[in-house]
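I set out to go through this chain entry by entry, noting what I looked up and the cut-offs behind each term.

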Amino acid sequence: MALSARAFSVIPHASYYASCWQCEGCCWSLQSIAPKQQLSNRPKALRSLNRARKCKIFDELEISRNFFVKATLATGMLYCASALAETSTEHASQNELEMLPYKREGYNYWMWRGHKVHYVVKGEGRPVVLIHGFGASTFHWRYNIPELAKHFKVYAMDLLGFGLSEKALIDYNPFVWRDQVADFVQEIVAKPAVLVGNSIGGFTVLLTAAAFPQLTSGLVLLNASGQFEVPDEQKKPVIQETALQRLVITPLITWARRWAILFTFWQAKQPSRIRSVLNNVYVDRTNVDDNLVQSIVTPAQEPNAAEVYYRMMTQFLSRPSDITLNKLLAELSCPLMLLWGDLDPWMGATKAEKIKQLYDKTLLVRLQAGHCPHDEAPKEANQALVDWISSLV
């Protein structure tokens, strides 16, 4: 069953590039700082090398060569680090919706594995947990939390490394955030909850629901990231690393990748670039304002932010995961709603359709919005969420 709704207001969010880890297609299209024409000037001698022996090296060089493209795209995720303007007013001027006030000091904190995690809790009733996308924060749900809290007990948490949560110097991987969400539901919510996630937050709550069905009473994916299974014939063969690669090529690529990531991170923090990205990603630019831009800049200024970004990008760009949407949906048991922005250029309508085909217990609600339908079309998104969650037994 598919419903349609019309999108009104806008706010940006972020994610990944189609070929990056689980963030298939959910990224902000920053202008690449590596012109395509430069990428094609490969020496003829190199192109003529034996294919079997150069495959691994070429794949590595390809990552380095295209890194400015992919990493710059991925930095768009950081631009949503807090989709909320600092303001003392309670209502959004454009949306005429109640808006969660921004607090630099945050709302509530929870110690998880020795790290400080920020979260918001409002309302009473059935528990609903909101998880933001890559680079965003609890404040990306600024127009959703107040309205949903009129009907449910709403929690929104900053994933480790984002928003007001600690910029922990750990090895990031998909299971870190999965475990964070699971432990949050167990320790803070203390009962099964409806998990709602956008972009990589969508992939995270799907991973959580598949692994911990006892903690999940329902699941909502808003333009979730993640990739489908690739046919075996399309998979690249694994070629053993040579001594030259191990001693020379790999260290050079690692060194180049680190500086490329740090440079793109620095560029990503610039307000003008943030505004440009926001204007490119959302169909309606109503909420792309100075306050929003500043709220996104702030978390990226923290001391460990650049190193955290480097660690995440190293994981996501160079170590693809074999955790596919097909596998996770096969393990899922709870009701699922897809609240999908059909105008998302990276994860559009076809992805939602394929997910629906893979999982029978799915309601598909379409919005004429981009990658972050909850923020771009908050009135429609809120109504869809209230109606569906209220219908759950």
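**Entry 1: a residue at a strand end**

I looked up Asn-198 and found its place in strand 6 (residues 193–198), helices (H or I, at least four residues) and strands (E, at least two) being DSSP runs numbered from the N terminus. This is a predicted model, in which local features need pLDDT of at least 70 and side-chain atom pairs count only at pLDDT 80 or more, while totals for chains, interfaces and linings use all residues. Residues are numbered from 1 along each chain as its sequence is written, and side-chain values use heavy atoms, with hydrogens and water left out.

Is Asn-198 buried or exposed? I noted a relative accessibility of 0%, so Asn-198 counts as buried; buried means under 20% relative accessible area, exposed over 50%, and partly exposed in between (1.4 Å probe, protein chains only). A polar atom of the Asn-198 side chain lies 2.8 Å from the backbone oxygen of Leu-222. I also looked up His-140, which is 58 residues from Asn-198 in sequence and 9.8 Å from it in space, C-alpha to C-alpha.

**Entry 2: the chain as a whole**

I recorded 15 helices and nine strands, and 57% of the 393 residues in the chain are buried. Among contacts (heavy atoms within 4.5 Å) between residues at least 6 apart in sequence, 78% join residues at least 24 apart. The accessible surface of the chain comes to about 16500 Å², and 52% of this belongs to carbon and sulfur atoms; such areas come from the Shrake-Rupley method with a 1.4 Å probe, and for residues only the protein chains shown count as cover.

**Entry 3: salt bridges**

How many salt bridges does the structure hold? I found seven, a salt bridge being a side-chain nitrogen of Lys or Arg within 4 Å of a carboxyl oxygen of Asp or Glu.

One of the pairs I looked up is Lys-167 with Glu-302, whose closest N and O atoms are 3.1 Å apart. This pair links distant parts of the chain, with Lys-167 in the loop between strand 5 (153–157) and helix 6 (174–189), and Glu-302, 135 residues apart from it, in the loop between helix 10 (290–300) and helix 11 (305–318). Lys-167 is buried at 6% relative accessibility, whereas Glu-302 is partly exposed at 29%.

Another pair is Glu-353 and Arg-366, at 2.1 Å from N to O. Here the bridge joins helix 13 (residues 349–358), which holds Glu-353, to strand 9 (residues 362–367), which holds Arg-366, and the two residues are 13 apart. I noted Glu-353 as partly exposed at 31% relative accessibility and Arg-366 as buried at 15%.

Arg-178 and Asp-179 also meet in a salt bridge, at 2.9 Å from N to O. Arg-178 is buried at 17%, as Asp-179 is at 16%. I then found that Arg-113, Arg-178 and Asp-179 are linked in a network of salt bridges.

**Entry 4: a helix with a buried side**

I listed the buried residues of helix 9 (residues 271–281): Arg-273, Ile-274, Val-277, Leu-278 and Val-281. Because they cover an arc of only 135 degrees around the axis, they are on the same side of helix 9; the arc is that of the directions from the helix axis to the C-beta atoms. An α-helix has 3.6 residues a turn, so residues three or four places apart point the same way.

Key:
Polar contact = N/O pair within 3.5 Å; in protein donor to acceptor, adjacent residues only side chain to side chain.
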